[in-house]
Amino acid sequence: MNIINTIADIKSALILEKEKNKTIGFVPTMGALHDGHLSLIQKAKQDNDIVVCSIFVNPIQFNNKEDLEKYPRVITNDIKLLQNNDCDYLFNPSVDEMYPKPDDTIFDFGHLDKVMEGNSRPGHFNGVAIVVKKLFEIIEPHKAYFGEKDFQQLLIIKKLTEICKLNVEIIPYPIIREKDGLAMSSRNLRLSKHGREIAPNIFKVLAEAKTLKNKLSVLEMKEFVNKKINNFQEMEIEYFEIANAETLLPIKDWHDSKIAIGCIVVNIDEIRLIDNVIF
Ligand code: AMP
């Protein structure tokens with residue numbers, strides 16, 4: 001695997017690959033890689049000749065300084081994992097390399113970034129969009145891979161490619177879970193032992209909720225999930241919203257959308273854990 005830190009070097013390496021008519025699959029990440037990320041790498045490898053993974057903890061998408069400072073950084077281990085998973089290029093730039101000067105672009109995603117994560121983390125998706133657009137312009141991949149765990153982010157990235165007419169196909173990938181059901185996340189590393197033990201209940205509640213879809217109204221479903229999660233003293237529910245999975249507009253009735261999604265954030269040990277369920 002080639003490890004590259006500068007924009008100029010990755011661009012010139014990939015020009016040579018494209019001259020050989022190689023297709024490029026791209027997996028942007030913030031590192032502390034786990035099987036969720038690695039499944040994206042493997043899928044990218046199946047679909048393309050060359051896989052590029054980026055590891056960049058993007059400061060402008062964090063609206064909480066402590067969250068940015070405490071974000072796990074384990075680059076030596078990440079490199080090993082990428083090598084074992086047939087990644088061809090790791091792009092691992094510094095903050096100065098990505099932002100030689102501040103980028104004040106403001107995107108208009110309409111309703112999409114006003115709800116849920118957009119509402120809880122002001123500016124977050126604008127920061128995500130700035131960095132993903134920059135990365136797409138540097139790598140110029142044929143396909144880019146994003147996890148459905150960050151479902152709202154996936155819709156924002158699709159919208160970004162439309163708004164900016166970026167020539168890249170966005171490929172979604174299902175949530176990868178631990179054996180006990182907890183959605184894999186780099187932030188899980190920061191949970192206390194007890195926090196880690198109770199965290200799988202987020203998925204257990206969502207899975208139970210899914211089985212009750214025909215019995216409960218949308219409002220009753222929201223009450224059910226809130227009540228179940230609040231039964232755990234150490235879990236604090238930040239939001240649970242049921243929305244149209246294409247627009248993220250909230251629904252009042254199951255018939256309001258072809259596919260409904262329930263999106264949740266639960267805080268344990270002051271760590272935000274995100275998950276979702278398709279109803
Ligand atoms: P991150 O490093 O958290 O920014 O995530 C990088 C990419 O991996 C994003 O597209 C995430 O949605 C995806 N991802 C993170 N966790 C998972 C998971 N458990 N299953 C599938 N994809 C994931």
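Reply: A search of the whole structure finds 19 salt bridges, a salt bridge being a side-chain nitrogen of Lys or Arg within 4 Å of a carboxyl oxygen of Asp or Glu. The model is predicted, so that local features need pLDDT of at least 70 and side-chain atom pairs count only at pLDDT 80 or more, while totals for chains, interfaces and linings use all residues. Residues are numbered from 1 along each chain as its sequence is written, and side-chain values use heavy atoms, with hydrogens and water left out.

One of these salt bridges is formed by Arg-121 with Asp-67, whose closest N and O atoms are 3.9 Å apart. This pair links distant parts of the chain, since Arg-121 lies in the loop between α6 (116-120) and α7 whereas Asp-67 belongs to helix α3 (residues 65-70), 54 residues apart; helices here are DSSP runs of H or I with at least four residues, strands are runs of E with at least two, and both are numbered from the N terminus. Both Arg-121 and Asp-67 are buried, where buried means under 20% relative accessible area, exposed over 50% and partly exposed in between, for a 1.4 Å probe and protein chains only.

Another salt bridge joins Asp-103 to Lys-134, with the closest N and O atoms 3.8 Å apart. Here too distant parts of the chain are linked, as Asp-103 is in the loop between α5 (95-98) and α6 and Lys-134 is in helix α7, 31 residues apart. Asp-103 counts as partly exposed because its relative accessibility is 28%.

The side chains of Glu-241 and Lys-222 also meet in a salt bridge, at 3.5 Å from N to O. Glu-241 comes from strand β7 (residues 236-244) and Lys-222 from helix α11 (residues 218-230), so that this pair, 19 residues apart, likewise links distant parts of the chain. Glu-241 is partly exposed because its relative accessibility is 28%, and Lys-222 is partly exposed because its relative accessible area is 24%.
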